[in-house]
Amino acid sequence: MALSEDEIFTKVQEALVDALGVDDDETTRDATLVGDLGAESIDFLDIVFKLEKAFDIQIPREELSPEDILTNSQYVQDGVVTADGMAELKKRMPWADLSKFQENPRVQDFGNLLTVGDLCNYVDSKVNQ
Amino acid sequence: MRWFWVDRFTEFVSGSHASGVKNVALDEEVVDDYCLGYTMLPPTLIIEGLAQLGGILVHEKFGFTKRVVLAKVGSAKYYAPARPGDSLQYHVKLERTQDSGATVTGTSHCDGELQAEVDLMFAFLEEGHLIDGPLFNPGDLLAMMRMMNFFHVAVTADGEPIPFHENL
């Protein structure tokens with residue numbers, strides 16, 4: 001059964017409030033998971049478990065964490081993602097807004113890229129495909 | 001240092017659930033040190049006991065190949081103190097698994113009453129993260145599981161005795 005944007009947002013919000021101990025009003029669509037909501041690496045695993053349960057989906061690790069791309073010398077030079085690497089990231093994460101990252105695509109900044117809205121788009125791509 | 005917070009496995013079904021017993025005894029220093037004047041097993045050690053049961057449930061599911069650590073206590077609720085003489089019946093259930101971790105829910109009952117319930121998340125340490133190599137000295141985990149009667153009760157999902165794992 002297809003879920004509306006609002007239904008997805010509400011469930012994603014519940015998962016984030018539960019996993020990160022943040023308030024509802026902090027989890028706006030623009031909020032970044034790391035910078036604004038304080039997610040640490042272990043929290044991402046928790047968020048994945050909660051989203052899998054809430055939406056009855058499977059989330060393979062590489063879909064949310066493209067570490068294989070970001071550590072591949074074919075796609076990264078001097079700590080910066082190359083044009084080929086950006087193309088690969090866009091292919092892997094079509095649901096993410098990479099426009100800001102693309103302006104200065106330093107690998108070290110990738111961790112603070114994902115927003116609540118990106119997560120909603122990702123879930124939408126899984127449940128409404 | 002002794003760090004056994006379950007006395008005995010009473011049930012273990014691979015990839016599904018496990019049960020165990022924790023008897024609270026006054027000869028454990030922590031029982032009268034934790035809250036002076038009021039003897040009780042510290043609630044955190046009930047989490048630890050459930051995590052030991054759950055950690056082995058997760059570890060076995062992956063053939064004892066992962067470095068399993070308790071990464072997060074999602075929630076923990078206590079409904080009654082665990083006093084000396086109490087026999088706590090622990091039960092854990094494997095909820096979800098990923099290639100980098102697993103979630104487990106657990107309960108503690110005393111005299112048939114729900115005494116505590118927890119949601120736990122385990123993560124698998126990647127090689128080189130925090131420490132290198134195995135988390136247990138050779139044979140230590142196996143010895144712990146034997147003492148806890150694991151092999152007396154543990155069965156596969158088909159009800160067959162758990163085979164011996166070379167990784168233990």
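Quick definition before anything else: buried means under 20% relative accessible area, exposed means over 50%, and partly exposed is what lies in between, with a 1.4 Å probe and protein chains only. I start there because Ser41(A), at 67% relative accessibility, counts as exposed.

Some housekeeping. This is a predicted model, where local features need pLDDT of at least 70 and side-chain atom pairs count only at pLDDT 80 or more, while totals for chains, interfaces and linings use all residues. Residues are numbered from 1 along each chain as its sequence is written, chains are lettered from A and ligands numbered from 1 in the order in which they are written, and side-chain values use heavy atoms, leaving out hydrogens and water.

Okay, chain A. Ser41(A) sits in helix α2 of chain A, residues 41-55. When I say helix I mean a DSSP run of H or I of at least four residues, and a strand is a run of E of at least two, all numbered from the N terminus. The UniProt annotation, from an unreviewed entry, puts "modified residue: O-(pantetheine 4'-phosphoryl)serine" on Ser41(A). Bear in mind that UniProt positions are given in the numbering used here, feature names are shortened, and annotations may be inferred rather than shown by experiment.

Now go to Leu3(A), in the segment before α1 (5-20) of chain A. Is Leu3(A) buried or exposed? Leu3(A) counts as buried, because its relative accessibility is 18%. Contact here means heavy atoms within 4.5 Å. Leaving aside neighbours within four places in sequence, Leu3(A) is in contact with Ile8(A), Phe55(A), Asp124(A), Val127(A) and Asn128(A). Take Phe55(A): it is 52 residues from Leu3(A) in sequence, and the two C-alpha atoms are 9.6 Å apart.

On to chain B and its sheet. What is the strand order? The sheet is open, has seven strands, and reads β3-β6-β5-β4-β2-β1-β7 in chain B, with mixed pairing. Two strands pair if DSSP finds at least two bridges between them. β3 (68-78) and β7 (154-155) of chain B are the edge strands, each pairing on one side only.

β3(B) and β6(B) are antiparallel over nine bridges, and Ser75(B) has Asp119(B) in β6(B) as its bridge partner. Then β5(B) pairs with β6(B), antiparallel again, over ten bridges; there, Thr103(B) partners Met121(B) in β6(B). The hairpin of those two strands has two residues between them, and Asp111(B) in that hairpin takes a positive phi near 55°. β4(B) and β5(B) are antiparallel over ten bridges, joined by a hairpin through two residues, with Thr97(B) opposite Ala102(B) in β5(B).

Next comes β2 (residues 17-23) of chain B, which runs antiparallel to β4 (residues 87-98) of chain B, with seven bridges joining the two. Across that pairing, Ala18(B) stands opposite Val92(B) and Ser19(B) stands opposite His91(B). Helix α2 (residues 43-61) of chain B packs on the sheet, touching β1 (8-13), β2, β3, β4, β5 (101-110) and β6 (113-124) of chain B. The direction of α2(B) makes about 45° with that of β4(B), where axes are lines fitted to C-alpha atoms, for helices over the stretch in contact, and angles run from 0 to 180 degrees between N-to-C directions.

So what's inside? A nonpolar core is a set of buried Ala, Val, Leu, Ile, Met, Phe, Trp, Tyr and Cys residues joined through side-chain atoms within 4.5 Å. The largest has 41 residues, and Phe12(B) and Leu41(B) have the most contacts inside it. β1, α2, β4, β5, β6 and α3 (140-147) of chain B each supply at least two residues of this core, and α2(B) gives the most, with nine. Another core, apart from this one, has 40 residues, including Leu98(A) and Cys120(A).

Last stop, α3(B). Its buried residues are Leu141(B), Leu142(B), Met144(B) and Met145(B). They sit on the same side of α3(B) because they cover an arc of only 160° around the axis, the arc being that of the directions from the helix axis to the C-beta atoms. Their cover includes α2 and α4 (150-153) of chain B. On the other side of α3(B), Arg146(B) and Met147(B) are exposed. And just after α3(B), Asn149(B) takes a positive phi of about 65°.
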